[in-house]
Structures are given as C-alpha cells and as structure tokens.
Amino acid sequence: MNVRAAAANVLFQVVDKGQSLSTALPLAQQQVKPRDQALLQEICYGALRYLPRLESIANELMDKPLKGKQRVFHHLILVGIYQLSFMRIPAHAAVGETVEGTKTLKGPRLRGLINAVLRNYQRKQEELDAFAVSHHAGKYGHPSWLLTLLQDTYPDKWQDIVEANNSKAPMWLRVNHQHHSRDEYQQILKDNGIDSHPHSEANDALRLEAPCDVSKLPGFDKGWVSVQDAAAQLSLNYLTPKDGELILDCCAAPGGKTAHILERTHQAKVVAIDCDESRLKRVHDNLKRLQLNAEVICGDARKPLEWWQGEQFDRILLDAPCSATGVIRRHPDIKWLRRREDIAALTELQSEILDAMWQQLKPGGTLVYATCSITPQENGEQIEAFLSRTKEAQLEGSPIDKPGRQILPGEENMDGFYYAIIKKAHNDKG
C-alpha cells in the first residue's frame with residue numbers, strides 16, 4: 001500500500017472515527033512494506049501533533065471542505081502538508097507520492113485537486129505557516145479545553161508541558177535485574193555501539209541516546225531488557241515489594257509494572273488483573289518473553305469479589321484508568337480523542353476502584369495509587385477525597401495538603417505521572 005494513503009487512512013480512523021492510534025497504526029503497518037513502517041509512523045504521529053496547524057492551512061487552500069466519502073482525501077492533503085512542513089523528504093517526492101496515494105484510495109479524479117493544493121502550499125508556504133500559528137490551537141497544537149486546563153493548573157509551567165507534549169518521546173529501557181545490573185547492561189550496550197544514560201531515581205532505567213528497534217537490543221529476546229518509561233518504573237520505588245508478599249497489580253495491562261515487580265523479587269506472589277481481555281494478551285506475552293510467572297485474571301476492579309476469593313493483599317499497585325494526559329508525546333491522538341467531560345467520568349471510576357481495592361488490602365498493607373495523568377481532579381484531589389472518607393488511610397511520603405507526587409511531561413525526560421502512597425492502619429476492622 002502507498003505509505004501516504006495508509007497514513008491518510010490512519011488519520012481518518014483516528015480523527016473522524018475516534019479510533020485510537022495504537023489500534024489504527026499497527027493495522028496500517030501490516031499493509032505497507034517493512035521498510036516503510038517507520039515512515040508511516042513518523043507521518044501519523046507528526047500529523048496528529050500538529051493537527052490544528054495542518055487543518056488551518058488546508059482550509060485556507062480549499063474552496064470547500066471534502067466531506068462524506070471524500071474525507072479520507074482531506075487527510076491525504078494533511079499528510080502532504082505535514083511532509084512539506086516538517087520532514088526532510090524532497091518536496092517533489094513528498095508531493096508526487098502523496099498524489100499517487102489517490103490511486104490506492106480509489107479517488108483518481110481527486111489527483112489534480114490534491115496536486116494543486118500541495119503546489120499552492122509550496123508557493124505560499126511562508127505566508128500560510130505564519131497564518132497557521134497566529135491562533136492558539138495552531139501555535140500550541142492542543143484543543144482549547146486542554147490548553148485552558150494546563151494554563152489554569154500550571155500557570156508557570158504550561159508552555160513547558162505543551163512543548164514536551166509536542167516533542168518526540170525518548171526511548172527508556174528497564175534492565176531486568178535478574179540478568180544484569182543496570183551498569184552491567186549499560187556497558188553491554190556501549191560495547192554494541194549504543195549510548196545510554198541512567199536515571200537519577202529509577203534504578204533499572206536507561207535512556208537511549210537515540211531510539212532503536214528492539215531487535216538491536218542485546219538479549220531482548222532472552223528477557224534481559226524491556227521498553228518502559230522511567231516514570232512508570234518509579235512505581236517500584238513507591239511500592240517497595242518484598243519477597244514472600246501477596247501483591248496485586250490492578251489495571252495491569254500491558255504488564256510492564258507486573259514484570260518489574262517480579263524482576264525485583266524472588267518469592268513474591270503477584271496477581272495481575274485487567275478488565276480488557278485483549279490487552280491481557282500483552283501481559284501474557286511480556287511474562288513469557290521475560291520467563292516470569294504471575295496469576296493473570298480478567299476482571300472488573302470495581303467488583304473484586306467476582307474474581308478474588310483469596311486473602312487480602314500485602315501491597316496493591318493501582319494504576320488507575322485515566323485521561324492519559326501525561327503521555328501525550330507517546331500518544332498524540334489523546335489530544336483529539338479526549339473531551340473535557342471525560343475527566344469527571346474518569347474521576348468517578350477511579351474513586352470506585354480505590355474504594356473497592358482498599359477492601360482487598362491487609363491492615364498494615366500499602367496501596368500505591370498511580371496515573372499517567374496530570375489533571376488535579378484525577379490525582380491530588382482524588383487522593384484528598386479518599387483520605388477524607390477513609391479513616392484508616394494514612395498518607396505516606398508527602399504532605400497532607402499536597403498529597404502524592406506529580407511528575408510533569410519532560411521532567412528528567414520522563415512522561416507525566418502521579419503517585420501517592422497510602423498505608424492501611426492496623427486498627428482496621430475489615
């Protein structure tokens with residue numbers, strides 16, 4: 001399949017149909033040559049990062065918008081503009097290959113229109129680019145509701161967050177402690193011509209100087225190393241799992257944190273649950289590659305009695321369903337799929353899961369609440385509300401008036417993440 005046509009179809013599925021990029025892109029990558037898969041990803045990610053800017057330019061160049069069955073060709077135009085704006089592909093190749101995409105998309109009669117629009121953009125690029133960033137959406141690449149939320153919540157840092165969201169995410173590795181120490185594996189990478197940098201807090205984390213295919217990572221197929229952002233790896237610092245404990249990873253898919261717990265303990269029994277059967281396949285795949293064992297269950301975290309009749313857990317890692325506003329640089333489609341009203345619905349869901357999981361925690365046990373969000377409603381305010389209604393809950397590691405730790409996108413090259421540690425007092429009656 002023509003790569004530009006494939007990219008246009010992915011954008012159509014995400015922007016117009018509401019499908020996630022992590023679903024649409026892998027399907028499209030199967031339809032192009034292996035050597036073109038990275039190019040397809042670059043175009044899709046980039047176009048979604050700068051969507052309002054591209055839309056603004058396209059609208060200026062079109063007499064009337066393409067609608068109905070022609071909508072996918074609107075996205076083909078965006079693909080062309082993105083290449084001309086941001087990629088090093090020669091202009092004649094970018095235009096020519098994009099126009100060729102009309103054949104794959106079965107719209108050869110639109111060939112002339114798309115060619116004319118892209119050529120016109122080339123002629124007026126400086127003027128059109130200036131116009132496209134003259135409004136906030138085009139300049140910052142965020143929907144207005146999200147931009148307002150960031151400005152209100154982080155008045156001194158919102159521009160840094162926006163810049164981080166619009167940047168390419170670095171590649172972080174988690175070294176499997178059962179095979180090598182981080183320093184040992186860093187040397188192995190160096191011996192193979194791969195430069196990396198350790199994280200100051202996440203003890204198993206290495207950031208690659210340049211991303212690479214996992215097949216080039218020494219011992220990846222043997223389970224020596226996994227790909228996981230350093231912020232997610234910090235869950236282990238807060239959970240502090242011990243040998244012999246019964247530990248629950250709640251909302252566990254795709255299983256990175258489950259695996260990390262097992263890599264750092266020898267005798268712990270780990271239970272991983274998630275409500276999405278299809279995503280649990282990733283958990284099984286990860287555990288198999290790493291040669292680790294956990295009890296994996298498909299179940300609703302709000303209703304633990306339906307899937308757990310065992311004893312209460314020593315530790316629970318609750319990586320709650322959230323808006324994912326901390327990982328936009330890895331999932332730029334979040335900006336266009338999320339809505340303001342989603343935050344309230346997610347906050348209510350998180351609250352229900354928190355209360356349900358609390359009943360599954362032993363007196364004296366520890367629950368770590370985590371999200372990959374940066375909204376206060378899902379994080380600090382959520383924990384404040386939980387503490388106020390739960391008398392035996394004791395916050396640890398942070399002040400009561402500012403509960404938990406909020407990591408912002410780009411902080412030490414990490415994703416945005418939130419953690420709060422809550423201990424259950426021994427006087428709990430169950």
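Predicted model: local features only at pLDDT ≥ 70, side-chain atom pairs only at ≥ 80, totals over all residues.
Residues are numbered from 1 along each chain as its sequence is written, and side-chain values use heavy atoms, with hydrogens and water left out.

Side chains of opposite charge can pair when their charged atoms come close. Here, a salt bridge is a side-chain nitrogen of Lys or Arg within 4 Å of a carboxyl oxygen of Asp or Glu. A search of the whole structure finds 23 of them.

One of these joins R71 to D16, with 2.9 Å from N to O. The partners lie in distant parts of the chain, 55 residues apart: R71 belongs to helix α5 (residues 71-86) and D16 to helix α1 (residues 3-16). Helices (H or I, at least four residues) and strands (E, at least two) are DSSP runs, numbered from the N terminus.

R329 and D229 also pair, their closest N and O atoms being 3.5 Å apart. This bridge links two loops 100 residues apart, R329 between β8 (313-319) and α17 (334-337), D229 between β4 (225-227) and α13 (230-233). Both residues are buried, where buried means under 20% relative accessible area, exposed over 50%, and partly exposed in between (1.4 Å probe, protein chains only).

K281 counts as exposed because its relative accessibility is 52%, whereas D285, at 38%, is partly exposed. Finally, salt bridges that share partners join D229, R329, R330 and D415 into one network.
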